[in-house]
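The following paragraphs lead the reader through selected features of the structure shown here. Please keep the sequence and the model in view while reading.

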Amino acid sequence: MTSYTKSLRCKECGEEYPLEPRTVCDHDFGPVEVTYDYAAMQGKVTRASIEAGPRSLWRYRDLLPIAAEPQAGFNSGWTPLIKADRLAKKLGVRELYIKDDSASYPSYSYKDRVVSVALTKAIEFGFNTVGCASTGNLAHSVAAHAATAGLEAFVLVPHDIEDGKIVGARVFGPNLIKIQGNYDDVNRLCSQIADKYGWAIVNVNLRPYYTEGAKTHGYEIAEQLGWQLPRHTVVPVAGGTILPKVWKAYQEFITLGLVDDNKPAMYGAQAAGCNPITKAIEDGEELFRPQKPDTIAKSIAIGNPADGYYVMKVIRESGGWSASATDPQIIDAMKLLARTEGIFTEPAGGTTLACAITLIEAGRIPRDEPICVCITGNGLKCVEALDNQFDEAPVIPAKIKDFAAVVESIQNKTPQPVTA
Amino acid sequence: MPAIEVEIPTALRPQVGDQESVTVEGATVGELLGKINDQYPDFGGKLFKAKDELNRFVNIYVNDEDIRFLDNLNTAVKEGDDVAIVPAIAGG
């Protein structure tokens with residue numbers, strides 16, 4: 001195959017490096033990013049060439065930083081883009097889409113995208129051991145893909161994440177280590193581990209490749225919308241990987257002439273208990289101030305987002321904005337999405353929808369233009385979030401008269417508040 | 001003046017003679033970094049954007065606490081404290 005990749009380049013100073021395992025620029029600790037030869041792609045990477053590819057994220061392989069054949073994630077990506085008419089009606093907007101990575105294969109979050117690329121690179125570089133710092137979803141995904149690829153895995157998580165994510169990861173047999181601290185503590189340790197042990201830590205020394213996988217979320221939105229971009233895209237912000245990469249995906253498609261440039265605007269979504277980016281955007285600050293997270297949305301509880309600076313840059317350049325959601329708003333939005341569109345997302349997804357609602361109601365997102373809400377994780381992995389949200393279900397004998405009594409009592413109740 | 005061991009990340013080790021840590025005396029984080037820079041003149045270039053302003057992607061921890069939550073470069077240090085320089089770009 002042709003590889004269009006050129007180099008790693010520091011986003012701060014422009015220093016170039018070969019395509020190697022690398023965490024940061026040697027000169028200023030700036031992040032390094034894969035560069036591509038877009039001129040060489042012209043006329044070769046087309047709608048037709050992409051449509052002829054597999055129904056997975058690897059249909060975009062020409063735009064991903066792999067040197068040879070994919071080695072992981074053969075069935076990852078290509079998740080549904082849902083035209084959410086019932087939810088749109090409820091919110092009073094004309095055209096609303098949900099990009100639903102709660103259905104991602106095999107680990108039910110968007111992390112399958114980044115891990116597919118990172119593990120392919122790990123194998124290309126000859127690593128036998130992979131690892132990650134994770135709030136849960138990444139641990140789950142790394143463990144699953146490492147098992148498939150036959151790699152040893154060390155996954156590190158904060159000690160207090162949801163059982164569903166712990167079990168979801170452990171079933172694949174990784175070395176799972178709980179760290180006494182929050183995600184930012186885990187992350188710091190993983191930076192040191194990558195230094196000391198020479199393993200492939202997907203979101204440390206393979207991060208330049210890993211993050212590129214997030215672009216596929218954006219490519220799919222554009223292709224599934226019939227080769228056009230939503231005018232407004234709302235994306236959760238944790239470490240800050242996905243928002244700038246969805247933006248990059250849109251810009252690459254514009255550069256290649258695959259979609260028209262409709263000036264897509266990007267919006268960040270954070271939990272009120274962990275909103276360093278939203279706060280900086282709202283306050284007009286150039287830099288964000290790290291926070292100590294305290295929110296039900298544990299998968300996005302990252303107080304010191306690695307790519308926070310670039311999230312802010314993209315939001316501002318694209319003419320977007322950022323919002324926060326309280327824990328009760330997050331839970332309400334989870335229920336609303338479930339009860340209008342049949343999607344059970346995790347609190348991070350509730351956060352994203354709740355923030356979209358806030359942005360619509362505040363007039364930041366107009367009601368008459370196409371909106372896409374990016375759902376990145378699955379609610380079944382963290383059912384604890386809905387503890388005490390429902391009445392006890394009735395328990396009755398298997399007799400029709402007892403069932404009739406239940407139906408009568410239900411019909412006498414006021415309808416559930418969340419219906420479209 | 002307490003002598004304190006400052007942990008150096010891989011990316012900065014060439015600037016300090018390939019050591020994993022450097023022990024210097026100082027009462028604040030800023031003083032420690034200044035002392036290291038006195039010994040290894042190439043050290044500060046990657047760390048500071050301007051005088052007294054750390055590069056955007058540099059995190060410094062004192063006893064596992066990010067100095068942004070403390071008193072930045074004026075954060076006081078004492079004998080036995082763990083001081084570590086860790087690049088910010090990771091995770092997500």
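Two strands are said to pair if DSSP finds at least two bridges between them. In this predicted model, strand S1 (residues 3-7) of chain B meets that condition with strand S7 (residues 83-87) of chain B, because the two are joined over two bridges, in the parallel sense. Within this region, Glu7(B) is placed opposite Ala84(B) of S7(B).

Chain B contains an open sheet of five strands, whose order is S2-S1-S7-S5-S6 and whose pairing is mixed. At its edges lie strand S2 (21-25) and strand S6 (65-66) of chain B, each of which pairs on one side only. Strands of a sheet pair through backbone hydrogen bonds, in either a parallel or an antiparallel manner. Across S1, S2, strand S5 (58-62) and S7 of chain B lies helix H1 (residues 29-39) of chain B, which runs at about 110 degrees to S2(B).

In the contact between the chains, 20 residues of chain B meet 30 residues of chain A. On the chain B side, the elements that contribute two or more residues are S5 and S7 of chain B. That side comprises 11 nonpolar, four polar and five charged residues.

In one, helix H5 (residues 137-149) of chain A and helix H6 (residues 163-170) of chain A have axes that come within 8 Å and cross at roughly 15 degrees. Angles under 35 degrees count as roughly parallel, and H5(A) and H6(A) are therefore roughly parallel to each other. Their crossing is left-handed. H5(A) supplies Asn137(A), Ala139(A), His140(A) and Ala143(A) to the contact, and H6(A) supplies Lys165(A), Gly168(A) and Ala169(A). By class, the residues of this contact are three nonpolar, three polar and one charged.

In the other pair, helix H10 (residues 242-255) of chain A packs with helix H12 (residues 308-318) of chain A at an angle of about 45 degrees, their axes being 8 Å apart. H10(A) is therefore oblique to H12(A). The crossing of H10(A) past H12(A) is left-handed. Leu243(A), Pro244(A) and Trp247(A) of H10(A) make the contact with Tyr310(A), Val311(A), Val314(A) and Ser318(A) of H12(A). Six of the residues in this contact are nonpolar and one is polar, with no charged residue.

Notes. Residues are numbered from 1 along each chain as its sequence is written. Chains are lettered from A and ligands numbered from 1 in the order in which they are written. This is a predicted model: local features need pLDDT of at least 70, side-chain atom pairs count only at pLDDT 80 or more; totals for chains, interfaces and linings use all residues. Helices (H or I, at least four residues) and strands (E, at least two) are DSSP runs, numbered from the N terminus. Two residues are in contact if their C-beta atoms, placed from the backbone, lie within 7 Å. Axes are lines fitted to C-alpha atoms, for helices over the stretch in contact, and angles run from 0 to 180 degrees between N-to-C directions. Angles under 35 degrees count as roughly parallel, over 145 as roughly antiparallel, 65 to 115 as roughly perpendicular and the rest as oblique. A crossing is left-handed if the near helix is turned anticlockwise from the far one by less than a right angle, and right-handed if clockwise. Ala, Val, Leu, Ile, Met, Phe, Trp, Tyr, Cys and Pro count as nonpolar, Asp, Glu, Lys and Arg as charged, and the others, Gly among them, as polar.
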